[in-house]
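Have a look at it first, and then we'll go strand by strand and pair by pair.

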Amino acid sequence: MIEFKLINKWYGNYHALRDINLEVKEGERVIVCGPSGSGKSTLIRCINALEDFQSGTLRVNSVSLNEDLRSVQLVRQSVGMVFQQFNLFPHLTVLQNLTLAPIQVKKMSPENALFLAMAQLTRVRIEEHAHKFPAQLSGGQQQRVAIARTLCMEPKILLFDEPTSALDPEMIQEVLDVMIELATQGITMICVTHEMGFAKRVASRIVFMDQGQIMEEAQPEDFFNHPKHPRTQAFLAKLLDH
Amino acid sequence: MHDHLHRAKSTKVSTHYLKSQNPPKKIRSWSTLIHLTRLEFKQHPVQGALSMILLVLVILSGLAFLNWGVFNAVFISDEAACQLARSTGACWGMIAEKYRLILWGRFPFEEQWRPLTSVVLILLTLSLSCVGTLWRPAYRQWLYLSWVWCAAIFEILMSGTFFGIDIGLGLAKVETDLWGGLPLTLLLSIVSIALATPLGILLALARTSDMPMIKTLAVTYIELVRGVPLISVLFMASFMFPLLMPGLQSPDVLLRVLAGITLFSAAYTAEVVRAGLLSVGAGQLEAAQSLGLGYWKTQRFVVLPQALAHVLPGLVNNFISIFKDTSLVTIVSLYELTGALGLALNGDAIWRPFKLEGYLFIGLIYFCFCFALSHLSQNFNKASQTTPKMSA
């Protein structure tokens, strides 16, 4: 479903992604972890063309991402993304946030879009706040609305870019619960996160990155119990050390 | 690191003892005002003394103005009385004598009910636009429609034709160079505000775009126009066109002047809008893009509503300055409000000494419109549905 082949990316002289090879199959739940600055976010942001790359090929849903704007639009319609900072539209109500893209991009009728939006809000258990503005919600609620917003486009692939990193500790669980539920429903997920408990629970594969490279790819069982690479061992030791 | 899995269970804590209390009531009355003033004096004696001196000065000059403008003033159009009261009292009689020339300029005297009706019409539409509820999406189209009608009726009343076509109302044709006074001021400012705003938005989008060609063009245009005084733009619009396009029938001077003011104001509007565009975070763009929205839809539904709401004070500032800048069209012999005042007095030896009263009169008119404009902008703000303040 997603196929990175020898992807390289530079920010100026900084080599952000080095020879990335990665394949994600339909229904897989891939967790990407690693120290900060290791290129995790850059990697998943390439998938919906929020970042470009200088060499290599990337195919998403059998569409090859290149400079053609049409391929980018095509890919974005089947790939949803949840951001660290939620990025809800502050001038629109929750419902308007959810129905904007279905109406404007998918040309859905407002009635159908509203119906779909309410269904997705129920799915993330936040339907009672449908008419509020984002600023009236807590961080956890905002992030759940953001998840519902991407679900309204009925994406085949969901990308999560550190979805719980900007949340107060007491709100992390409500977002993770929603993500766990999505994971059990068979949607393809790629998730950058530091929540190792969550990773253990839902991941079909864990990818460890450092300095722009994929250091290790393993099943969660092997990853946590028998990490091969010394960098992985050091990373896990630090995480589990408190 | 597993503790978050247990967090959910421990959240159900009884909170009945956290009874919320109402904030203390704010008392606003004269006695508190006096109390606060006294407190201020006690804590900041120097500032207090300064405000006291200022207050006395304001009261004194206010009294002097009342004396001049009301008690010693002449309210009837009596030349001898005005001469007598000169330097001690105002001569409002001058306005009674000249108001038609000031308000309607050189418009044919017998036909002056037409500019009067036009202005009333504009005022009605303008006050309609001041009603906040009419800006709601459900009614907004009616408001736009009423402006279209207003424009059409204005054109018919003022020119006697519909853009040159005789529609058989039996109105005498009046060329645009005879239009003047208040209707001209309103026409120039409303049309150039209405056109300069979308043009300015496009210019701002062009200037912030990634495409080097478009960006360079926009930057060049904005810098060029901002580097030139409006008066020279108007002069060029009026006199250069025939030179630049020889052989072509040049359009009406009013149209050329309108185009001049619009193009000029668009450059300023563009910079205000650009500030707004830059204030919208990159995350908003990314969210819109990741949902599959294209460039124009991202701008229209996500970026611009936020950007314009952020820079509304700057935009209104800009509108007000366009409104007052229209007084410069006198340079190309169009006599709007300010020009018409000059027209009314400069050639008249009897009433010329009372120009101050005239300026106060048109100043009051300008003020009323600027005040209405800033009131109108608050409705725009409500209509754009910006984030409400946190109420929790």
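Which residue is the bridge partner of Phe160(A) in strand 8 of chain A? It's Cys191(A).

Before going further, some ground rules. This is a predicted model, where local features need pLDDT of at least 70, side-chain atom pairs count only at pLDDT 80 or more, and totals for chains, interfaces and linings use all residues. Residues are numbered from 1 along each chain as its sequence is written, chains are lettered from A and ligands numbered from 1 in the order in which they are written, and side-chain values use heavy atoms, with hydrogens and water left out.

Phe160(A) belongs to strand 7 of chain A, which covers residues 157-161. Helices (H or I, at least four residues) and strands (E, at least two) are DSSP runs, numbered from the N terminus. Five of the five residues in strand 7 of chain A are buried, so the strand is largely enclosed by the rest of the structure. Buried means under 20% relative accessible area, exposed means over 50%, and partly exposed is in between (1.4 Å probe, protein chains only).

In a regular strand the side chains alternate between the two faces of the sheet. Here, Ile157(A), Leu159(A) and Asp161(A) point one way, while Leu158(A) and Phe160(A) point the other way.

Strand 7 of chain A pairs in the parallel sense with strand 6 (residues 79-82) of chain A, over four bridges, and also in the parallel sense with strand 8 (residues 188-192) of chain A, over five bridges. Two strands pair if DSSP finds at least two bridges between them. In strand 6 of chain A, Val82(A) stands opposite Phe160(A).

Pro169(A) sits in helix 6 of chain A and, at 53% relative accessibility, counts as exposed.

**Salt bridges**

Side chains of opposite charge can pair when their charged atoms come close. A salt bridge is a side-chain nitrogen of Lys or Arg within 4 Å of a carboxyl oxygen of Asp or Glu. A search of the whole structure finds 19 of them over all chains, including these:

| Pair | N to O distance |
|---|---|
| Lys106(A) and Glu154(A) | 3.6 Å |
| Asp210(A) and Arg231(A) | 2.4 Å |
| Arg226(B) and Glu223(B) | 3.2 Å |

What about the surroundings of these residues? Lys106(A) is partly exposed, with a relative accessible area of 31%. In chain B, Arg226(B) and Glu223(B) both lie in helix 9 (residues 212-226), three residues apart, about one turn of the helix. Arg226(B) is partly exposed at 32% relative accessibility, and Glu223(B) is partly exposed too, with a relative accessible area of 37%.
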